[in-house]
Amino acid sequence: TVILSIETSCDETAASVVRNGSEILSNVVVSQIESHKRFGGVVPEVASRHHVETITLVIEQALEEAGMTPEGLSAVAVTEGPGLIGALLVGINAAKAFSFAHDLPLIPVHHIAGHIYANQLEEELEFPLVALIVSGGHTELIYMEDHLSFEVIGETRDDAVGEAYDKVARVIGLPYPGGPHVDRLSREGADTFDFPRSYLEQGSYDFSFSGLKSAVINTLHNHRQKGLEVKKEDVAKSFQESAVDVLTKKTMDAVEEYEVKHLLVAGGVAANSGLRQRFESLCRENDVKLSIPKLKFCTDNAAMIGAVAHHLYQKDHFASLDLNGRNFIDIELFV
Ligand code: ATP
Ligand code: MG
Ligand code: FE
């Protein structure tokens with residue numbers, strides 16, 4: 001297959017051409033971060049407007065860089081959700097128009113399936129496997145017996161880990177999105193605060209990060225009230241150690257219980273250096289194959305959507321022109 005894919009679920013306008021689910025012919029990502037920064041987060045209406053302005057150019061550029069005309073394509077794929085509804089609809093409408101104009105099948109793709117399949121852009125997935133999704137809106141452990149089979153074995157009960165990163169960044173005075181800044185600072189700090197690790201009940205693969213987030217906020221507040229100096233680097237490091245401890249412990253427990261030999265890590269927080277290093281050493285010790293996408297494929301992009309769409313095409317998973325955006329889609333039921 002040669003698939004044109006489109007992703008506009010949040011604040012990147014992205015289009016890509018991917019052959020056979022792994023060979024990237026082009027990958028265009030236009031980020032809106034500069035526009036949202038001054039608000040300290042993504043403003044949905046601003047995001048939609050930017051997508052409208054940019055989408056046509058992004059699609060044209062993706063085709064041009066791939067040296068591809070519509071006649072050479074097998075299908076057009078688009079993120080159907082979850083995401084910001086107004087933002088999703090821009091990509092969906094562009095995909096519908098393209099599909100109609102060039103008589104191509106339309107493939108709706110789950111955004112989180114996309115994050116998981118970003119790993120396929122570098123290597124084949126070996127089933128059964130466990131995938132840890134750590135992004136701005138999701139923290140989930142997923143068991144996959146085969147392609148497109150997703151069983152959620154654990155998920156966050158409150159904040160997503162990316163959300164916690166962004167919140168912590170904000171209270172220590174770092175710009176949005178804060179994850180990469182906290183990551184960078186943590187490399188110069190020490191784990192002096194010993195923040196709580198929330199493992200929940202014995203045997204649970206669920207997560208909870210709101211207690212950790214509150215602990216960071218309260219600690220900063222108390223120190224400032226007493227006029228004590230706090231080293232931002234140490235706060236960043238202590239927060240990151242707590243998050244990484246819990247994420248890696250639960251994931252490695254799942255890898256053991258489900259007897260898998262391949263672990264995928266995916267989503268924006270998979271770009272985190274502390275998390276990557278810890279997983280690298282744990283997987284080496286336990287003889288587990290580890291895949292983490294290249295940094296640019298951890299955060300939102302359209303190539304990952306094309307990677308999933310290749311398999312959906314084999315299953316005739318096509319949408320009609322009444323496809324709508326959805327801000328919630330159960331990943332277990334989406335195929
Ligand atoms: P979702 O995929 O759940 O819909 P999203 O698309 O907004 O959410 P992503 O683009 O996958 O999220 O990831 C963005 C998140 O990743 C942000 O919270 C950002 O702070 C975080 N992030 C990016 N790089 C790093 C890093 N190096 N360390 C920690 N967090 C990071
Ligand atoms: Mg983003
Ligand atoms: Fe995402």
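Q: How do the axes of helix α5 and helix α6 cross, and which words describe the angle?
A: An angle from 65 to 115 degrees counts as roughly perpendicular. In this predicted model, the axes of α5 (residues 161-171) and α6 (residues 179-186) come within 8 Å and cross at roughly 70°, and the two helices are therefore roughly perpendicular to each other.

Q: Which residues make that contact?
A: On the side of α5 the contact is made by G162, Y165, D166, V168 and A169, while G179, H181 and V182 contribute from α6. By type, the residues of this contact divide into 4 nonpolar, 3 polar and 1 charged.

Q: Is α6 largely enclosed or left open by the rest of the structure?
A: A residue is buried if 20 or more other C-beta atoms lie within 10 Å of its own. In α6, 6 of the 8 residues are buried, so this helix is largely enclosed by the rest of the structure. The buried residues are G179, H181, V182, D183, L185 and S186, and they pack against α5, α8 (232-257) and α9 (273-286).

Q: What is the strand order of the open sheet of 5 strands, and which strands stand at its edges?
A: The order is β8-β7-β6-β9-β10, and the pairing is mixed. Because β8 (151-155) and β10 (289-291) each have a single partner strand, they stand at the edges, and one side of each is left without a neighbour in the sheet. Neighbouring strands are turned by 20° against each other on average, direction ignored.

Q: In what sense does β7 pair with β8?
A: Strand β7 (residues 139-144) and β8 pair in the antiparallel sense over 4 bridges; one example is Y143, whose bridge partner in β8 is E151.

Q: Where are cis peptide bonds found?
A: One is the bond from G81 to P82, with omega near -5°, and P82 lies in the loop between β4 (75-81) and α3 (85-102). Another joins F127 and P128, with omega about -5°, and P128 is placed in the loop between α4 (111-117) and β6 (129-134).

Notes. Residues numbered from 1 in each chain as written. Chains lettered and ligands numbered in written order. Predicted model: local features only at pLDDT ≥ 70, side-chain atom pairs only at ≥ 80, totals over all residues. Axes fitted to C-alpha atoms, helices over the stretch in contact; angles between N-to-C directions. Parallel < 35°, antiparallel > 145°, perpendicular 65-115°, else oblique. Contact = placed C-beta atoms within 7 Å. Nonpolar A, V, L, I, M, F, W, Y, C, P; charged D, E, K, R; others polar. Pairing = 2+ DSSP bridges. Buried ≥ 20, exposed ≤ 12 C-beta atoms within 10 Å, placed from the backbone.
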